Amino acid sequence: MQTQVLPVNEQSIALAAQLLRRGELVALPTETVYGIAADARNPEAVKKIFAAKGRPQDNPLIVHIAGMEMLAGIVSAVPERARRLAAAFWPGPLTMVLPRGPEVADVTCAGLDTVGVRMPSHPVVQAVIRASGVAFAAPSANLSGKPSPTNAADTLADMDGRLPLILDGGDSAVGVESTVVSLAGEHPMLLRPGYITREQMEDVLGEEVLVSHAILEKLRPGETARSPGMKYKHYAPKAEVTILRGSWAHYQAYLADHAGPGVFALCFAGEGARLPVPAIEYGAEGDGAAQAHRLFTALRELDKAGARVVYARCPASSGVSMAGYNRLLRAAAFRVVEV
Ligand code: TXA
Ligand code: MG
């Protein structure tokens, strides 16, 4: 299959809408990361997403909508908590897990009785949904296991020949996938951290948002994940990544001891020049939003630079930084060394 990459304009939006209505795939930008869209109601279309990504069938997809009226049929109830979070954070980088409605294809939700829904703020997503009338399922546009792409070039690198169209809408502003919160249980629970933080949601809800322990800990063997995506190896570059938790001085000293061929640093902005190994930077220390914005691109840059062993600086684990920390832990297969 030939993959076209087109700039965003009226014609390319119309083509994307036509492909979606016909049950084909379209890769497109969102404010978080690039996604691969298919009609969430059409099981044959959604199956093509799993094939293009090499994604395990038991990992459910998020359904994207452009307005609250589109929730009908996709969810079976809109709890009060969901209305409040939607009023505060939609359109935007927040996914809510809600009771599933009758119109969503089984394969979209991996057979669960819940569905993840999000209303993205990106104008291209809004335009494509409006032009097609299609609520689309869309996972991140990477091959399963790789870092999510945040621009059209990285999307093409993974998806060339696997789908007919990539819309090029420039860099994704946020850089990590949406926050996922479950509102289907007794208490709200954070399943995946993102740009919208647990603390922000607690302010709006006036109650505690529990944190799934799978966010910052490895699942025990045989344990089932509330968010199936959390159980897979993810975001991994080719190199073996280890997170070094400790001071800057100890980080520098550790790298001086471990320098060698193929050894790289993944450090904060402005630190690279002071290290004894080649370095890729990913946002200033303490700036969780800047770290999130750069992390996936930085992981892909390490691959391109030929890194074989990577020692990463450790971000904070609360607020927006939790998003980057959660992704980096998976990229490192939970290897953390105290220095
Ligand atoms: O920012 C995003 O959310 C991007 C863009 C394209 O919108 N999409 C995205 O989709 O990250 P994906 O498929 O890469 O990640 C979906 C995550 C997975 O961890 C999945 O397990 C979880 O959401 N998820 C989806 N539906 C769920 C459900 N019903 N219950 C629990 N977790 C769910
Ligand atoms: Mg993904």
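Predicted model: local features only at pLDDT ≥ 70, side-chain atom pairs only at ≥ 80, totals over all residues.
Local features here need pLDDT of at least 70, side-chain atom pairs count only at pLDDT 80 or more, and totals for chains, interfaces and linings use all residues. Residues are numbered from 1 along each chain as its sequence is written, and side-chain values use heavy atoms, with hydrogens and water left out.

**Aromatic rings**

Let's start with the rings. A pair of aromatic rings is described by the distance of the centres and the angle of the planes. Rings of Phe, Tyr and Trp (its six-membered ring) pair if their centres lie within 6.5 Å; planes under 30 degrees apart count as stacked, over 60 as edge-to-face and the rest as tilted. The count comes to three aromatic pairs, and the table shows two examples, including a stacked one.

| Pair | Centre to centre | Between the planes | Kind |
|---|---|---|---|
| Trp-248 and Tyr-251 | 6.1 Å | 25° | stacked |
| Tyr-254 and Tyr-311 | 5.3 Å | 75° | edge-to-face |

Tyr-254 belongs to helix α7 and Tyr-311 to strand β15 (residues 309–313), so their pair ties together parts that are 57 residues apart in sequence. Helices (H or I, at least four residues) and strands (E, at least two) are DSSP runs, numbered from the N terminus. Trp-248 and Tyr-251 are three residues apart in helix α7 (residues 248–258), so about one helical turn separates them.

Trp-248 and Tyr-251 are both buried (under 20% relative accessible area, with exposed over 50% and partly exposed in between, using a 1.4 Å probe and protein chains only). Tyr-311 counts as buried too, because its relative accessibility is 10%.

Arg-300 is found in helix α8 (residues 288–304). Is Arg-300 buried or exposed? Arg-300 counts as buried because its relative accessibility is 7%. Its side chain reaches the backbone oxygen of Pro-147 at 2.6 Å.

Gly-92 is in the loop between α3 (80–89) and β5 (94–99). At 2% relative accessibility, Gly-92 is buried as well. The C-alpha atoms of Gly-92 and Asp-160 are separated by 28 Å, and the two residues are 68 residues apart along the chain.

**Lining of a cavity**

The largest cavity is lined by residues including Leu-190, Pro-193, Arg-198, Glu-199 and Met-322 (on a 1 Å grid over the protein atoms alone, a cavity is a set of points where a 1.4 Å probe fits but cannot get out, and lining residues have an atom within 4 Å of a point).

Terms used: Chains lettered and ligands numbered in written order. 1 Å grid on protein atoms, 1.4 Å probe; cavity = no way out; pocket = protein on both sides within 12 Å on 5 of 7 lines; lining within 4 Å. Polar contact = N/O pair within 3.5 Å; in protein donor to acceptor, adjacent residues only side chain to side chain.
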